[in-house]
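Please look at how the chains of this structure are arranged and where they meet. The briefing is meant for a reader who has not seen the structure before.

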Amino acid sequence: MSTTTAAVRPSVRWLRRARRTPALVAGTAILVVVGVVAVLAPVIAPYDPASQDLGNGLAPPSAAHWFGTDQLGRDILSRVMAAAATDLRIAVLAALVPLVVGVTIGLVSGYVGGWGDWLIGRVVDTFVAFPFYVLVITVVFAAGAGERGIYLAYALVGWITYARVIRARTRTLCREGWVQAARGGGLSHGRVLFGHLLPNVAPLAVVLLMTEILLIMVAVVTLGYLGLGVQPPTPDWGTMISDGQLFLTTRWWVPTLPGLAVVLTGVGLSLTGDGLADVWRLR
Amino acid sequence: MRIEGLRVAGETELLHGVSLAVGAGEAVGLVGESGSGKSLTLRAVMGLLPRGLRVTGGTVEVDGRAAMIFQDPLTFLDPLVRVGDQVAEVCRVVAGLSRRASRVRALELFADVRLDDRAVLARRYPHQLSGGQRQRVLLALALAQEPDLLLCDEPTTALDVTVQREVLDLLASLRAERGLSLVFVSHDLAVVAQLCDRVVVLRDGEVVEAGATRDVVARPHHPYTRRLLDAVLPLPALAGGRDG
Amino acid sequence: MADGLELTGVSVAYAGRRVVDDVSLQVRPGTIVGLVGESGSGKTTLARAVVGTVGLAGGTVHLDGTPLARRRSRTERRAVQLVQQDPYASLNPLLTVGRVLDELLRVHRLAERRIASDTAGAPDAGAWRRARCAELMGLVGLEADTLGRYPRQLSGGQRQRVAIARALAVEPRILVADEPTSALDVTVQRTVLDVLVGLSARVGLGVLLISHDLSVIHAACDDVAVLREGRIVEHAPAARFFTHPSDPYSRRLLQAVPRLPERAP
């Protein structure tokens, strides 16, 4: 194929547009910082997050302990860093299965239409009718608190969002001439679905993924706060906030600083999602 | 109406000084391809520029009232209001008529635009009408504003040929009856030639040629006008004349 | 039955109403048949029936003497290709022109088939496909470097020619073009029509050209059929139709077309 044309590859144009989108730049910057801290936590944390110093409990922020210490004298900065690793790992891992399942179901149901689509639509409606947290907490209760319960809960309910949105998008795309032309040209259903439609809905799925990771992270923190999430002694922002709330009025930094970590990560994810949607012109 | 050196710009300039004059009772065609700025010129006159665009230079003078009709009437009709009521409402606002008088006036306007079965049609909603009927309702809506100048933005492009012919004939007779001035925007020189005494050819936001339709068609000066004329696919003459 | 496409008494019904009613029509290889009709005449439905995306309520569609089944095989779908009205929606925005054509050639193993039947110094499949893509561009009057472009880098007329090239890639017998010029600027219309005329003559393709625009039909077609409310009211050679239409409705249509006043030579 000729390479002499002035044709600009979409990836290049994409990068150019991305660099001019402040939300995306700020969002990814935050995520990169949080991610690096999470990965390098064991190396860069000033203290062992589990080591207790009962004589130095609830110390205010100082040169030795930038974020102060908790009721057991553990360094809060080190624990916030270690918790970043826990919570992000769970959020990302828990988001993967629903992504794959939801996108596949959405694509197939939007493409096939007919009674299969109708059936999936009713299943989705049923799930949507239940409040989200009620479903998650029920599954976690049944499967047992902790990481395993969270993964299971999300594998069961997380695909719904993708399936709904991707299905709607696929239906719209199927009405476009190029999908009909691909079929008319003799391409197989599988090729049209995964070779042509999937790349066109992928940006939408990635933007949803950002929102979902955010949602799962908040849910993990909430479950931790309720005592249903990550179990001690593994550090987790939710348990840290929950343990520290007793001291909110007198030792504000104990629950507030882990809370701010949640907010910062949340803002990073949401800015990235918004920025990607802008760059891909999804609205 | 007089337009003098009209400039419109968004991120880049789209109209580079368009000038155009329409005398009382005159019909002027504005011809060009997509992106020539022909619709933009009309919208600038009506103050209906799309968001992000503004007039950056030149003057527009309109003696009297101007009204406009569009290619796609459905976007300019309220889908939830009966078409008769929509026209009556404009009569009420513009002419200060009572509710009852405005209803009567709306039916008169429907007669003016040659809508058959007026009493029945007036009670219909826009989606229940055919394309030609909608365009007539839009025309009635424009006439309800008692305009001196009617701006037409490709009003027949979406219509079937036979309906297009009816709407063109209607516009011509309205012009004769009411002394309306017309500005008719179209990509189709043949359509413009049916209706307009003078024609202005636009290309990329600039006037490339203007003159009496007959002269421009017979002796085009600008190469672009010649290209537009060549693009009109000819049809052989119909045996037995073209009465009808 | 003869070569080409033959519709016999074709009817299509939606919700109990016959949108296409008892239509019979032939498209011979190397000829262009124009199908004229106003909105609601059923011309797009008829196009769908021909390419097999809607089922028939009655009648048969034959291709080269063989009846086409209700559910068409891949080969049968290949043989009758559609060019759609809107060139802006008919190309996948994420694929270059070359990728689209190349995929079709690969899926149908056209290179392998051609090379197998060709005894003299056969090139490899990849080279054959590249040459074929360039050849297809030539057939629709586009430069070979168009192959490296994405749809958004092309004008409406170029896109429509790419859509025609895509239809040609699978080596069809019949091309159904549904209002292929009505979304294009007037100065581009003629190029697209010229491409269709050239193809029917050079490749021996049978073309069913559907349009509401009589001058488009006149510029390209050998035969004209007028569709009104699902029925064919007149079917005549173009040479006779445009000057001596026999049906009053055809006559009304022809009279309604706006014409330019005489031009100086």
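The structure is a predicted model. There are 2 pairs of chains that touch, and the pair with the most contacts is that of chains B and C. Chains A and B, by contrast, are joined by no contact, and their closest C-alpha atoms lie 16 Å apart.

**Chain C with chain B**

- Between them, chain C and chain B bury about 3200 Å², and carbon and sulfur atoms account for 58% of that area.
- On the side of chain C that touches chain B, the elements that give two or more residues are helix H7 (186-202), helix H8 (214-220) and helix H10 (248-256) of chain C, and the largest share, 6 residues, is that of H10(C).
- Sorted by class, the residues on this side of chain C comprise 15 nonpolar, 8 polar and 8 charged.
- Across the interface of chain C and chain B there are 0 salt bridges, while 9 residue pairs are in polar contact, counted where both residues are at pLDDT 80 or more.

**Chain C with chain A**

- Chain C and chain A bury about 2100 Å² between them, with 51% of the area coming from carbon and sulfur atoms.
- The count of salt bridges between chain C and chain A is 1, and the side chains of Arg191(A) and Glu103(C) meet in a salt bridge at 2.8 Å, taken from N to O.
- Polar contacts between chain C and chain A involve 11 residue pairs, again with both residues at pLDDT 80 or more.
- Helix H2 (74-79) and helix H3 (97-107) of chain C are the elements that give two or more residues to the side of chain C that touches chain A, and H3(C) provides the largest share of that side, 6 residues.
- The side of chain C that touches chain A is made up of 10 nonpolar, 9 polar and 11 charged residues.

**A helix of chain A**

- Helix H11 of chain A, which covers residues 253-279, has 27 residues and reaches 38 Å from its first C-alpha to its last, a span close to the 39 Å expected at 1.5 Å a residue.
- H11(A) is followed by Arg281(A), a residue whose phi is positive, near 55°.

Definitions and conventions
Residues numbered from 1 in each chain as written. Chains lettered and ligands numbered in written order. Predicted model: local features only at pLDDT ≥ 70, side-chain atom pairs only at ≥ 80, totals over all residues. Heavy atoms only, no water. Helix = DSSP H or I, 4+ residues; strand = E, 2+ residues; numbered from the N terminus. Expected span 1.5 Å × (residues − 1). Buried area = accessible area lost by both parts, 1.4 Å probe. Salt bridge = Lys/Arg side-chain N within 4 Å of Asp/Glu carboxyl O. Polar contact = N/O pair within 3.5 Å; in protein donor to acceptor, adjacent residues only side chain to side chain. Nonpolar A, V, L, I, M, F, W, Y, C, P; charged D, E, K, R; others polar. Contact = heavy atoms within 4.5 Å.
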